[in-house]
Amino acid sequence: DMADKEAAEIVVLQAYLPARLGADEVLAEVKKIVATLAGELGRAAGPGDMGKVMGLVKAQLAGKADMGQVSAAVKTALAG
């Protein structure tokens, strides 16, 4: 009985949580941020800019994506 009540509460609470982004959406957002940063730097953003990119990405995607997945997307975006 308690499990049913808690399961129902979870369903209600999930309606208020921000939707999680998928891997493709995370990579697309990261690529936008990298492009913006590259424009500000006046050069292509590379692996040495990981900290700058992660700072911007965390501010924009906090609560919307798994940060492990975000980190992997940033490394991918900066490598290519």
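Student: Is S71 buried or exposed?

Tutor: Start with the cut-off: buried means under 20% relative accessible area. S71 has a relative accessible area of 19%, so S71 is buried. Keep in mind that this is a predicted model.

Student: Where is S71 found?

Tutor: S71 is in helix α4.

Student: Which residues does S71 touch, not counting residues up to four places away in sequence?

Tutor: S71 touches M50 and M54. Both of these belong to the part of α3 that meets α4. That leads us to helix packing.

Student: How are two packed helices described?

Tutor: Two packed helices are described by the angle between their axes and by the distance between the axes. Take α3, residues 50–61, and α4, residues 67–79. Their angle is about 135°, and their axes are 10 Å apart.

Student: What does that angle make α3 and α4 to each other?

Tutor: They are oblique to each other. An angle has to be over 145 degrees to count as roughly antiparallel. The crossing of α3 and α4 is right-handed.

Student: Which residues of α3 and α4 meet?

Tutor: From α3 come M50, V53, M54, V57, K58 and L61. From α4 come M67, V70, S71, V74, K75 and L78. By class, that contact has nine nonpolar, one polar and two charged residues.

Student: At what angle do α2 and α4 pack?

Tutor: The angle is about 50°, and the axes of α2 and α4 are 9 Å apart. That makes α2 oblique to α4. The crossing of α2 with α4 is right-handed. On the α2 side, the contact is made by A23, V26, L27, V30, K31 and V34. On the α4 side stand Q69, V70, A73, V74, T76, A77 and L78. These residues divide into 10 nonpolar, two polar and one charged.

Student: How far apart are the axes of α2 and α3?

Tutor: They are 10 Å apart, and the angle is about 130°. The two helices are therefore oblique to each other. α2 passes α3 in a right-handed crossing. Helix α2 brings V26, E29, V30, I33, V34, L37 and L41 to the contact. Helix α3 brings K52, V53, L56, V57, Q60 and L61. The classes here are 10 nonpolar, one polar and two charged residues.

Student: How many residues are in the largest nonpolar core?

Tutor: Such a core joins buried nonpolar residues through their side-chain atoms. The largest here has 17 residues. Those with the most contacts inside it are V26, V30, V34, V53, V57, V70 and V74.

Student: Which helices each supply at least two residues of this core?

Tutor: α2, α3 and α4 do. α2 spans residues 23–41. It is α2 that gives the most to this core, with six residues.

Student: Which residues is V30 in contact with, leaving aside its neighbours within four places in sequence?

Tutor: V30 is in contact with V57, V70, A73, V74 and A77. V57 is one of the α3 residues in the contact with α2.

Student: Where is D49 found?

Tutor: D49 is in the loop between α2 and α3. D49 counts as buried because its relative accessibility is 4%. Leaving out residues up to four places away in sequence, D49 touches L37, L41, R43, A44 and L78.

Student: Why does T36 count as partly exposed?

Tutor: T36 has 46% relative accessibility, so it counts as partly exposed. T36 is in helix α2. In sequence, T36 and V53 are 17 residues apart; in space they are 9.8 Å apart, C-alpha to C-alpha.

Student: Which helix holds A8?

Tutor: A8 is in helix α1, residues 2–14. Its relative accessible area is 44%, so A8 is partly exposed. A8 and A44 are 36 residues apart along the chain, and their C-alpha atoms are separated by 49 Å.

Terms used. Residues are numbered from 1 along each chain as its sequence is written. This is a predicted model: local features need pLDDT of at least 70, side-chain atom pairs count only at pLDDT 80 or more; totals for chains, interfaces and linings use all residues. Side-chain values use heavy atoms; hydrogens and water are left out. Axes are lines fitted to C-alpha atoms, for helices over the stretch in contact, and angles run from 0 to 180 degrees between N-to-C directions. Helices (H or I, at least four residues) and strands (E, at least two) are DSSP runs, numbered from the N terminus. Angles under 35 degrees count as roughly parallel, over 145 as roughly antiparallel, 65 to 115 as roughly perpendicular and the rest as oblique. A crossing is left-handed if the near helix is turned anticlockwise from the far one by less than a right angle, and right-handed if clockwise. Contact means heavy atoms within 4.5 Å. Ala, Val, Leu, Ile, Met, Phe, Trp, Tyr, Cys and Pro count as nonpolar, Asp, Glu, Lys and Arg as charged, and the others, Gly among them, as polar. A nonpolar core is a set of buried Ala, Val, Leu, Ile, Met, Phe, Trp, Tyr and Cys residues joined through side-chain atoms within 4.5 Å. Buried means under 20% relative accessible area, exposed over 50%, partly exposed in between (1.4 Å probe, protein chains only).
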